[in-house]
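Please walk through this structure with me.

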Amino acid sequence: MQTEITTLANGLRIITSARENTHTVSLGIWVKSGAACERPEENGISHFLEHMVFKGTPTRTSLQIDEEIEDAGGQTNAYTSREFTAFYAKMLKEDAELALDVLSDIYLNASFPETEMAKEKEVVVQEIKQTIDTPDDIIFDYLQEQAFPGQALGRTILGPAEKVRAFSPDDLKTYRQNHYAAENTVVCAVGNIKHETFVNMVKQRFATFRPHKNFTTDTQTYGGGFFAEKRDIEQAHVLLGFQGLKYTDADYYPCTVMSTILGGGSTSRLFQEIREKRGLVYTTYSFSNSHSGTGLFGIYAGTTNRELQTLIPVVCDEIKKICDHKVSDKELRRAKTQLKASMLMSLESSSSTSEILARQMLIFDRIIPVEEMVERIENVSAEDIRRIAGTIFSTTPAYTLVGDIDGHPDYETLKRDLRR
């Protein structure tokens with residue numbers, strides 16, 4: 001993957017990865033700002049700002065923004081995470097500048113008209129309600145709150161409805177002023193485009209974008225705890241969380257390999273033991289979410305009330321096994337192959353590649369060569385797996401349940417079952 005990088009005088013980074021044999025370009029603007037940057041009274045503003053930038057600028061209405069992209073056959077979208085916000089598009093190669101012009105206009109110049117704000121607030125409130133009504137979505141917000149209590153990292157990305165309804169145009173402008181700046185912004189393009197051409201396009205629109213050196217971030221300290229919400233539904237949804245690793249941790253790759261072995265697919269230990277052998281669940285998996293200052297390792301399972309008492313001890317047994325016993329060469333080899341294949345397959349997509357490159361630049365201040373990532377996966381040993389599992393699973397658990405949970409194992413029982 002051949003990439004080129006240019007940094008403007010104001011600190012904004014421009015990345016391209018040329019693919020001359022394609023007819024398209026995937027491009028976007030990424031900013032290192034998200035829900036984890038918000039003060040308590042701002043909870044949800046990053047996500048609401050992401051919605052509102054599409055609702056008009058001094059030179060484009062909301063409809064014109066959509067029409068310019070779709071009339072050219074392009075696709076555009078955006079997302080907000082806990083530490084990043086992205087605005088991106090995929091276009092035919094001859095329309096790359098059109099897409100950049102629209103994206104830069106909404107990023108830099110969105111005007112937040114009050115009539116559009118009133119409508120979009122209700123759209124976002126509907127999104128909040130949809131999440132609340134979906135138990136296997138809302139349980140992740142509950143887990144995050146237990147894992148990082150009283151911190152921005154523990155609050156929801158969408159925010160509460162009452163805060164969203166209270167945001168004003170000035171609130172959005174102030175937040176943008178405080179968090180959107182040149183040195184925490186990356187503009188990236190992957191596809192049939194030349195680096196110099198793209199740099200000139202970006203310079204025309206971002207050369208005077210202000211730098212801003214005084215970013216402040218909330219603490220990121222893992223806590224752990226217990227939360228349960230009974231609902232009149234058919235399933236019991238369960239999440240176990242533990243302190244994970246930050247992006248830059250030396251054990252990032254061993255942790256990822258360990259997660260793959262434990263709950264990364266249909267051959268994983270959790271899937272085989274609690275679904276294939278015992279029939280306790282339809283869905284189960286593990287995950288490792290990293291942040292700038294810490295991380296969260298989790299295990300999800302959806303089961304019935306009847307199986308809940310059996311499920312939790314079995315999951316705890318699998319956790320203890322991966323801490324106390326050496327993984328087999330076959331398991332280790334398979335997990336490494338899965339990770340390498342997943343990474344290389346994602347890099348065949350121009351959209352995924354642009355996402356990967358931009359996030360790497362914002363996290364590590366460099367692009368990590370594919371060969372380096374492959375080498376770091378290959379260097380993970382069986383002892384690394386046992387060591388990192390022992391570290392992660394010795395932390396205080398975050399235990400959350402939603403649904404038909406009567407008679408569930410309590411928090412003290414869970415902690416007892418996890419003792420080795």
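Phenylalanine 112 is buried, because its relative accessible area is 1%, below the 20% cut-off. This is a predicted model. Phenylalanine 112 sits in the loop between α3 (96–109) and α4. Its phi is positive, about 55°, although the residue is not a glycine.

Aspartate 365 also has a positive phi, near 60°, and is a residue other than glycine. Its place is the loop between α13 and α14. With 54% relative accessibility, aspartate 365 counts as exposed, since the cut-off for that class is over 50%.

Aspartate 365 has a charged partner. Its side chain meets that of arginine 13 in a salt bridge, 3.2 Å from N to O. Arginine 13 belongs to strand β2 (residues 13–18), while aspartate 365 is in the loop between α13 (350–364) and α14 (370–378), so the pair ties together parts that are 352 residues apart in sequence. Is arginine 13 buried or exposed? Arginine 13 counts as buried, because its relative accessibility is 10%.

Next comes helix packing. The axes of helix α1 (residues 45–52) and helix α4 (residues 114–132) come within 10 Å. They cross at roughly 125°. On the α1 side, the contact is made by His47, Phe48, His51 and Met52. On the α4 side, Glu116, Met117, Glu120, Lys121, Val124 and Glu127 take part. Sorted by class, the contact of α1 with α4 has four nonpolar, two polar and four charged residues.

Helix α4 also takes part in a charged pair. Which residue forms a salt bridge with glutamate 122? The partner is arginine 165, and the closest N and O atoms are 3.0 Å apart. Arginine 165 lies in helix α6 (residues 161–166) and glutamate 122 in helix α4, so this pair links distant parts of the chain, 43 residues apart. Arginine 165 is partly exposed, with a relative accessible area of 41%. Glutamate 122 counts as partly exposed too, at 34% relative accessibility.

A further pair stays within one helix. The side chains of arginine 387 and aspartate 384 meet in a salt bridge of 3.1 Å, N to O. Why are these two residues separated by about one helical turn? They are three residues apart in helix α15 (residues 382–392), which means a separation of about one helical turn. Arginine 387 counts as partly exposed at 35% relative accessibility. Aspartate 384 is buried, with a relative accessible area of 18%.

Some salt bridges share partners. These join Arg60, Glu68, Glu97, Asp101, Asp105 and Arg205 into one network. Arginine 60 lies in the loop between α1 and α2 (62–71). At 10% relative accessibility, arginine 60 counts as buried. Leaving aside residues up to four places away in sequence, arginine 60 touches Ile65, Glu68, Asp101, Val102 and Asp105. Among these, Glu68, Asp101 and Asp105 also belong to the network. The C-alpha atoms of arginine 60 and alanine 189 are separated by 23 Å, and the two residues are 129 apart along the chain. How many salt bridges does the count come to? The count comes to 29 salt bridges.

Notes: Residues numbered from 1 in each chain as written. Predicted model: local features only at pLDDT ≥ 70, side-chain atom pairs only at ≥ 80, totals over all residues. Heavy atoms only, no water. Axes fitted to C-alpha atoms, helices over the stretch in contact; angles between N-to-C directions. Helix = DSSP H or I, 4+ residues; strand = E, 2+ residues; numbered from the N terminus. Contact = heavy atoms within 4.5 Å. Nonpolar A, V, L, I, M, F, W, Y, C, P; charged D, E, K, R; others polar. Salt bridge = Lys/Arg side-chain N within 4 Å of Asp/Glu carboxyl O. Buried < 20%, exposed > 50% of the residue type's maximum accessible area, 1.4 Å probe, protein only.
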